[in-house]
Amino acid sequence: MRPLPRVLLNSAAIEVWPSWLLAARSNRDARSLARARWVLRRKRDGLYLAADLPEGWLGLTPRWNREPGLDEALDAVDAPLPHAGARDPASLPLHALRERLDALGLDADDYAARSGLPLEPEPRWLAHAGFDRYRRPLWLHPDAARAWARMRAHALRDGIVLEAISGYRSHDYQLGIFARKRARGLGVDAILTVNAAPGFSQHHGGLALDIGEPGEPPAEESFERTAAFDWLRAEAGGHGFVMSYPRDNPHGIVYEPWHWYHVPDASPDANA
Ligand SMILES: [Zn+2]
């Protein structure tokens, strides 16, 4: 039997998920998922499009075979899987994102200049890094996944439990939040005071991780008073993680003591 895939294959509009990591949404889906290796999932809303059965693709939704971006997703399935130990996924192009930002009335270059934040491309694949607090699969850039596992084990030896709140998030996911708020009548500037512009979140690259402590509310400033935060301040740097948004950061982003970024090639075994 082939080993279960532990990567998410990425394309602009559709993600390719290992079926064993997905929960079925109906009895029919359950039967299909049990026999499938991969499932195509629309990024915008998480809709399951089709399952890769031994005898071929089975549609899980009507007209799945006319879904925009389908060819690119199928190409990702047909390409060789990243080998175990692979650590440098290429990035997806940014043109689809720019078109959608224009449609939302958001000037990407203007926002980049104002915030000092770069556009963050998505990787072509992500590594399965366990599960988050909500038992959702946690996806990270392979370097960040390795560093997270190492750092978590180190913390545990020191009696500290670190919990992942959120890792990789797609452009489409962030665009969806933005579009829903626009539809409710909120203006672009109002939304930008609480949400990073789609495309500019460090979570898109899979190198950022929101970290919590069990029993504490997620993504609250009060995290700075936890033992987990004290431990991170002392030890995270040794694992290549830095706090991206300290108080009064130059990007105008609110203080986020829970948000840590893995600096590529900063971990101790980066050259091993
Ligand atoms: Zn974050």
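This is a predicted model: local features need pLDDT of at least 70, side-chain atom pairs count only at pLDDT 80 or more; totals for chains, interfaces and linings use all residues.
Visitor: How is a sheet read, and what is the strand order of the open sheet of seven strands?

Guide: Strands of a sheet pair through backbone hydrogen bonds, either parallel or antiparallel. Helices (H or I, at least four residues) and strands (E, at least two) are DSSP runs, numbered from the N terminus. Two strands pair if DSSP finds at least two bridges between them. Here, seven strands make an open sheet in the order β5-β4-β3-β2-β1-β6-β7, with antiparallel pairing. Its edge strands are β5 (56-59) and β7 (137-140), each of which pairs on one side only. On average, neighbouring strands of this sheet are turned by 30° against each other, direction ignored.

Visitor: Which helix packs on this sheet?

Guide: Helix α2 (residues 70-78) does, touching β1, β2, β3, β4 and β5. Contact means heavy atoms within 4.5 Å. The direction of α2 makes about 150° with that of β3. Axes are lines fitted to C-alpha atoms, for helices over the stretch in contact, and angles run from 0 to 180 degrees between N-to-C directions.

Visitor: What is the strand order in the open sheet of four strands?

Guide: The order is β8-β9-β11-β10, and the pairing is antiparallel. The edge strands are β8 (163-166) and β10, each pairing on one side only. Neighbouring strands of this sheet are turned by 45° against each other on average, direction ignored. Helix α5 packs on this sheet and touches β8, β9, β10 and β11; its direction makes about 90° with that of β10. Three bridges pair β10 with β11, and methionine 243 stands opposite tryptophan 260 in β11.

Visitor: How are two packed helices described?

Guide: One gives the angle between their axes and the distance between the axes. Helix α3 (residues 95-104) and helix α6 (residues 171-183) pack at about 10°, with axes 11 Å apart. They are therefore roughly parallel to each other. Angles under 35 degrees count as roughly parallel, over 145 as roughly antiparallel, 65 to 115 as roughly perpendicular and the rest as oblique. The α3 side of the contact consists of Leu97, Arg100, Leu101 and Leu104, while residues of α6 include Leu175 and Phe178.

Visitor: At what angle do α5 and α8 pack?

Guide: Helix α5 (residues 142-157) and helix α8 (residues 227-235) pack at about 120°, with their axes 11 Å apart. These two helices are therefore oblique to each other. Met151, His154 and Ala155 of α5 meet Trp231, Leu232 and Glu235 of α8.

Visitor: Is glutamate 256 buried or exposed?

Guide: Buried means under 20% relative accessible area, exposed over 50%, and partly exposed in between (1.4 Å probe, protein chains only). Glutamate 256 has a relative accessible area of 15%, so this residue is buried. Glutamate 256 is found in the loop between β10 and β11. Leaving aside neighbours within four places in sequence, glutamate 256 is in contact with Met243 and Tyr245. Threonine 226, in the loop between β9 and α8, is buried with a relative accessible area of 4%.

Terms used: Residues are numbered from 1 along each chain as its sequence is written. Side-chain values use heavy atoms; hydrogens and water are left out.
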